[in-house]
Amino acid sequence: MTLFVSLILPLLALWLWWPVAGLSKRGRRWHIGITLVLALIGLLSATLWRMDIFTYAVEAWVQLLFGWVMVMFILLLAFLLLRTLGWLLTRWAPRSSMVAGAWHGRGLNHAASAVIAVLATLGIYNGLKPPQLHERELVVPNLPVELDGLRMAVLADLHVSPVKRSWRTQRIVDTVMATKPDVIVLPGDMVDGEVADTARFVTPLAQLAAPHGVWVSPGNHEYYHGYQRWMAHFRQMGLGVLENQTARLAINGRTLAISGVGDLAALKPSSYMRGGLAPDLPAVIAAAKGSDTHILLAHQPKQARESAASGAVDLQISGHTHGGHMWGFDRWVVAPANHGYVRGEYKVRDMTLFVSSGAGQWDGFTARLGVPARIEVLVLRSPAG
């Protein structure tokens, strides 16, 4: 990522202003210089957090600054591609020299730069504000009629951090509890930072309660910040932690199995990993055997193909994608990186996959444009209901 910032972003600065007509040499250097400063801010912030010289309470804010710069340059790249395409199309058309020249006019480029800065700032604001509540019905294969109407609150990708403080976590908890869910699940990426840095901002999660439990499975970000310490802390808070484990719930004379598996990140160890376990799907399938319905909490939706192929999972609930963050970026970047799954409901063989848009996101890329953060309440429906 640091290499990307250091090499690509300065080139975008040159691409933006070098072809613009009507600028003096001094004016062109001034415009390029300002844009390069933004690129260097991105490079500096990325370098500072990679050096790991600050406490996470400071580092999280440095990541947020980096994310703001990155969003601006992503939007800038989209504008430059559209500008170049428009210029080429009009240049090849007959009698189009004036129209072609407008694509490189000062007015368009100044306006685009202002819009990009505003959109990036709005995106960061959207990412930091408390998530919306979204309720929907979801048909679950093999769900008995006795479990029809079961209300399941999904809190994925909270990414609680020193930036997303206790008041935001409390607002989320209050919103969830007001919906009166029967069961609450948190499929990974609850936190960023070590327990010592972030635990006080997570405290409101201890207030979560539901008749059939509050169940947590790990995500890749727990692996970056002291996995064992966080799992122990969640258990001390009274949350049901499922580490390649299954909870069998007796509800209305039927058995609902809820399993949680380790994250796929454990299969690709890196220097950033601080513990974690690989997913063990056979273990939870064996533990859920004989249940009427099996729900799997697997942080990354890429797990869905294996889960569906097993024939032993009826519903997989995932997060990780944050819904794709932004229009366009969701379908062209995030979905391809996650086997085409980005948010909402999918049919994978005979299994239903639900990918949450997430109630938060990592501070290093926290922007949302057109894809709001969500607290999602699923009303589970039986096919026979």
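Predicted model: local features only at pLDDT ≥ 70, side-chain atom pairs only at ≥ 80, totals over all residues.

Colleague: Let's start with helix 6: how far apart are its end C-alpha atoms?

Modeller: Helix 6 covers residues 166-178, which makes 13 residues. At 1.5 Å a residue, the helix should span 18 Å. The model agrees with that expectation, because the end C-alpha atoms are apart by 18 Å.

Colleague: And how wide an arc do the buried residues of helix 6 cover around the axis?

Modeller: The buried residues here are Arg168, Thr169, Ile172, Val173 and Val176. They sit on the same side of helix 6, because the arc they cover around the axis is only 135°.

Colleague: Which exposed residues does the face turned away from the buried side of helix 6 carry?

Modeller: The buried side is covered by elements that include helix 5, strand 2, strand 3, helix 7 and strand 12. The face turned away from that side carries two exposed residues, Trp167 and Ala178.

Colleague: Is His339 buried, partly exposed or exposed?

Modeller: His339 lies in the loop between helix 12 and strand 10, and its phi is positive, about 60°. Its relative accessible area is 33%. Since that value falls between the 20% and 50% cut-offs, His339 counts as partly exposed.

Colleague: On to charges: how many residues apart are Arg136 and Glu345?

Modeller: Side chains of opposite charge can pair when their charged atoms come close. Arg136 and Glu345 form a salt bridge, with the closest N and O atoms 2.7 Å apart. The pair links strand 1, which holds Arg136, to strand 10, which holds Glu345, and the separation in the chain is 209 residues.

Colleague: Which residue meets Asp292 in a salt bridge?

Modeller: Asp292 lies in the loop between helix 10 and strand 8, and its partner is in strand 7, so the pair ties together parts that are 38 residues apart in sequence. The N to O distance is 3.1 Å. The partner is partly exposed at 29% relative accessible area, and its name is Arg254.

Colleague: Finally, how many salt bridges does the structure hold?

Modeller: One of them joins Arg151 and Glu135, with the closest N and O atoms 3.0 Å apart. The total for the structure is 10.

Definitions and conventions. Residues numbered from 1 in each chain as written. Heavy atoms only, no water. Helix = DSSP H or I, 4+ residues; strand = E, 2+ residues; numbered from the N terminus. Expected span 1.5 Å × (residues − 1). Buried < 20%, exposed > 50% of the residue type's maximum accessible area, 1.4 Å probe, protein only. Arc of directions from axis to C-beta. Contact = heavy atoms within 4.5 Å. Salt bridge = Lys/Arg side-chain N within 4 Å of Asp/Glu carboxyl O.
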